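Subject: A structure for you to explore

Hi,

Here is the structure I promised to pass on to you. Please open it and have a look around before you read on.

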Amino acid sequence: MCLRTSELVDSLLAVLLHRHRQLGHVWRWRHRPVYRLLVDLSTMEERHVIITYRLDRATIQELCAQLEPDLMSAIRHPTGIPPQVQVLSVLHFLASGSFQTTVAIASGMSQPMFSNMLSRVLSALLKHMRSYIVFPQLEDLLTVKGDFCALGHIPNIIGAIDGTHVALVPPAGVNRCTETGRVTI
């Protein structure tokens, strides 16, 4: 009986698979995600960096260096996502307010991969939050109020954001807003 090459290969694979199962080995074909580098911060114009990530290049590089030890543990194999790309993807997600799927596709990865990475980067950012977000102490409030009043002629201002609209959720137990704009509990 003459076997064709494909039949011979199939029968050899079947014998090998049967032999491995007898020995307690199980073959598993694992799909390892392959990351394709799509973003290179060094080639982008500074204006485009600020529009895309809401931070300048120097600040992003400093942030990447600071978060790198926390994010390197996430790279388990050579196709892992470099820490700089993780930070850039999350910064783009936070700056754009877009969906995870959209940012993941733009970053060259799957949505589940981006979701896992988002959790790791946000956890790393929380560890270093105090070095980037500073609220004035009680003794500094008068100075801050005076500086804002001198700058914009608006009294009683103690802070500002970059024009980003932030959705505020009222605390539990808040019933309604009065005509004067005050919240009643």
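Below are some notes on helix packing, salt bridges and backbone angles.

This is a predicted model, in which local features need pLDDT of at least 70 and side-chain atom pairs count only at pLDDT 80 or more, while totals for chains, interfaces and linings use all residues. Residues are numbered from 1 along each chain as its sequence is written, and side-chain values use heavy atoms, leaving out hydrogens and water.

Let's start with two helices. Helices here are DSSP runs of H or I with at least four residues, and strands are runs of E with at least two, numbered from the N terminus. Helix H3 (residues 57-72) and helix H6 (residues 111-127) have axes that come within 10 Å and cross at roughly 115 degrees. Those axes are lines fitted to C-alpha atoms, for helices over the stretch in contact, with angles from 0 to 180 degrees between N-to-C directions. On the H3 side, the contact (heavy atoms within 4.5 Å) is made by Leu63, Leu67, Asp70 and Leu71. H6 contributes Arg120, Val121, Ala124, Leu125 and Lys127.

Next, the charged pairs. How many salt bridges are there? The count comes to three, where a salt bridge is a side-chain nitrogen of Lys or Arg within 4 Å of a carboxyl oxygen of Asp or Glu.

- Lys127 pairs with Asp70, with the closest N and O atoms 3.5 Å apart. This pair links distant parts of the chain, as Lys127 is in helix H6 and Asp70 in helix H3, 57 residues apart.
- Arg57 pairs with Glu46, with the closest N and O atoms 3.3 Å apart. Arg57 lies in helix H3 and Glu46 in helix H2 (residues 46-53), so the pair ties together parts that are 11 residues apart in sequence.
- Glu45 pairs with Arg47, with the closest N and O atoms 3.8 Å apart.

Lys127 is exposed at 62%, while Asp70 is partly exposed at 26%. Glu45 and Arg47 are exposed.

Finally, look at the backbone of Arg54, which has a positive phi of about 65 degrees although it is not a glycine. Arg54 sits in the loop between H2 and H3 and is partly exposed, at 41%.

Enjoy exploring!

Definitions and conventions. Buried < 20%, exposed > 50% of the residue type's maximum accessible area, 1.4 Å probe, protein only.
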